[in-house]
Amino acid sequence: MIFLNQILQGLFLGAYYALIACSLSFLFGVMRIINLAHGSLAVLAAFLLFVLADRFGLSPWLGLIAVVPVMAALGWVLQVLVLERSLKGGLLVPLLSTFGLAIVVDNLLFEGFGADTRSLAPAIGDLAFASWTLSDDVTIGQLDVIILVAAITVLGGLQLFLARTRLGRTIRATAEEPEIVGLIGIDSRAVYALATAIALALAAIAGAFLGLRATFNPYSGGMQLLFAFEAVVIGGFGSLWGTLIGGIVLGIAQNLGAFITPHGFLIAGHGFFLAVLIARLYLAPLADRVRRRGRKVVAA
Amino acid sequence: MSLLTVEGLEARHGLLHAVRGVDLALDEGETLALVGANGAGKTTLLRAIAGAHRAAAGRIRFAGADITTLPAHRRVKLGIALVPEGRRLFTGMTVEENLLVAAGRGRAGGGTLATVLEAFPQLRPKLKARAGDLSGGQQQAAAIARALMSNPRLLLLDEVSLGLSPVAVDQLYLSLQTLLAGGATIVLVEQDLGRALRVASRVVCLLEGRVTYAGAAGETTRERVMDAYFGLSGAPDATAGGR
């Protein structure tokens, strides 16, 4: 039963990873940018929510109504001022510029808030630790369930938005053929700005759950980026449902690692991530060869 | 007044001078066949007119307005649509999505799915298929249909028949004939000279970025174009402003 509980807790942790990875995956899918400032921007959103809760007594749930549009606007500005120019410089420049942005955001937060660790949990009362006990060994945190529902809703909503709406189709078309969309009347620069705005709005939601389920400080962004990156790579870059699965698999791997040894949490997660990377490197060409051979057989 | 006027257009690919001082004029309802060997500058010229390639010098006027520096998406709104070489469909999307994503972005009164499918009925059973899974001919039909969704006044077609089977090309040209009968204005880049001469009202031949021949299709012999094509004779009409 304890083992089952570890898997269950891993699932909930993985839902959080999926939530924080969703924005990274989306931005890569649309613009082929790996936003290294992603974790820092999520932490920035957590700090904004903290200020609203601490100074104005605003619940983080209500605070999101203000913070999501602010982060979306920041995304728009980020695209126009930084990413758009960086993209013209090739693949490496956006990596460097978002890495630089992460350093700037981290240090501005340090300047403004100091090194103290904060949390949004006090602002939601009992919900932060309330749980349902299913048996002696199995408990489910209520906040964890909310995070899982939020992850499925956000990823599912984004998937639906991309598949079913005109704007979603526009974003997908731009992601696939950025030059050609201009020839059918789409301004790719505006689409990229919109995509970055959506990505940062998603980062704001992830930042809220980071603050609700754990503590954070100005330098927490790096670790969040790492987990998000691992979830995205495990699930397949650019695939939203893959991101959910990747997050959950990572969460379960970490929790099982911790079950084996207390130090196993991070090692198991990183180890699993590496194993997936190596498997991709060696198995993908093999699978491709098998597929091609299969096609030849069918053609014959 | 001409619908499209190109004056002294120059375009480069880095150090390569792809289009050199091209002059063209096209009236509403005309079909211009742009012919020339590979690397003659046909694609670059079309892309420059559509706004996908920056003009290094010269002017492009469309319906009286100077559009030389206008971005491609704003030229679509004025009524210019390019079907690029290689089709360049959104292969991960369905045919229907490819068409719908282009709807309502061009001129007012843009094409609808129904009107476009009327011109290309072969796409009707393929609407839910992924564009990447279509045959070459079907992809070309979808690419032209996508361009028509913006209700263009000027349709630029780059290498329509390239890599397609003769049957697929025949079917495509049948649809194009319907468009032409409806009074469409088209600039057509076509390697099949005989077909280009049959469809077009005028022919312009490019060689190394320059116009080496321009004349009415009805008065143009295959031999004359071939001479201009390979630069075997002088350039009799190169100074005729593409007319």
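Modeller: Leaving aside neighbours within four places in sequence, B:L156 is in contact with B:L46, B:I49, B:A50, B:I80, B:A81, B:L82, B:V83 and B:V187. This is a predicted model, in which local features need pLDDT of at least 70 and side-chain atom pairs count only at pLDDT 80 or more, while totals for chains, interfaces and linings use all residues. Residues are numbered from 1 along each chain as its sequence is written, and chains are lettered from A and ligands numbered from 1 in the order in which they are written.

Colleague: Which residues touch the most other members of the largest nonpolar core?

Modeller: That core has 170 residues, and those with the most contacts to other members are A:A18, A:L19, A:A45, A:A46, B:L156 and B:L188. A nonpolar core is a set of buried Ala, Val, Leu, Ile, Met, Phe, Trp, Tyr and Cys residues joined through C-beta atoms within 7 Å. Buried requires 20 or more other C-beta atoms within 10 Å of the residue's own (exposed is 12 or fewer, partly exposed in between; C-beta atoms are placed from the backbone). Helix α7 (residues 188-213) of chain A gives the most to this core, with 18 residues.

Colleague: How do you know that β6(B) and β7(B) pair, and in which sense?

Modeller: Strands pair if DSSP finds at least two bridges between them; β6(B) and β7(B) have 4 bridges, so they meet that definition, in the parallel sense. B:I80 stands opposite B:L154 in β7(B). From β6(B), B:I80 and B:L82 point one way and B:A81 and B:V83 the other, and all are buried. Strands and helices here are DSSP runs numbered from the N terminus (E, at least two residues, for strands; H or I, at least four, for helices).

Colleague: Why are β6(B) and β10(B) called edge strands?

Modeller: The open sheet has 6 strands in the order β6-β7-β8-β3-β9-β10 (chain B), with mixed pairing. β6 (80-83) and β10 (210-216) each have a single partner strand, so one side of each is left without a neighbour in the sheet. At the β10(B) end, β9(B) (residues 202-207) pairs with β10(B) in the antiparallel sense over 6 bridges, and B:V203 has B:G215 as its bridge partner.

Colleague: What makes β4(B) and β5(B) a pair?

Modeller: β4(B) (residues 57-62) and β5(B) run antiparallel and are joined by 2 bridges, and at least two are required. B:F62 stands opposite B:A65 in β5(B). These strands belong to an open sheet of 4 strands with antiparallel pairing, in the order β2-β1-β4-β5 (chain B).

Colleague: Why is α5(B) described as largely enclosed?

Modeller: Of its 13 residues, 11 are buried, so α5(B) is largely enclosed by the rest of the structure. The buried residues of α5(B) pack against β6, α3, α4 (113-119), β7 and α6 (166-181) of chain B.

Colleague: How far does α5(B) reach, and what span is expected?

Modeller: From first C-alpha to last, α5(B) reaches 18 Å, close to the 18 Å expected at 1.5 Å a residue; the expected span is 1.5 Å times one less than the number of residues.

How values were computed
Contact = placed C-beta atoms within 7 Å.
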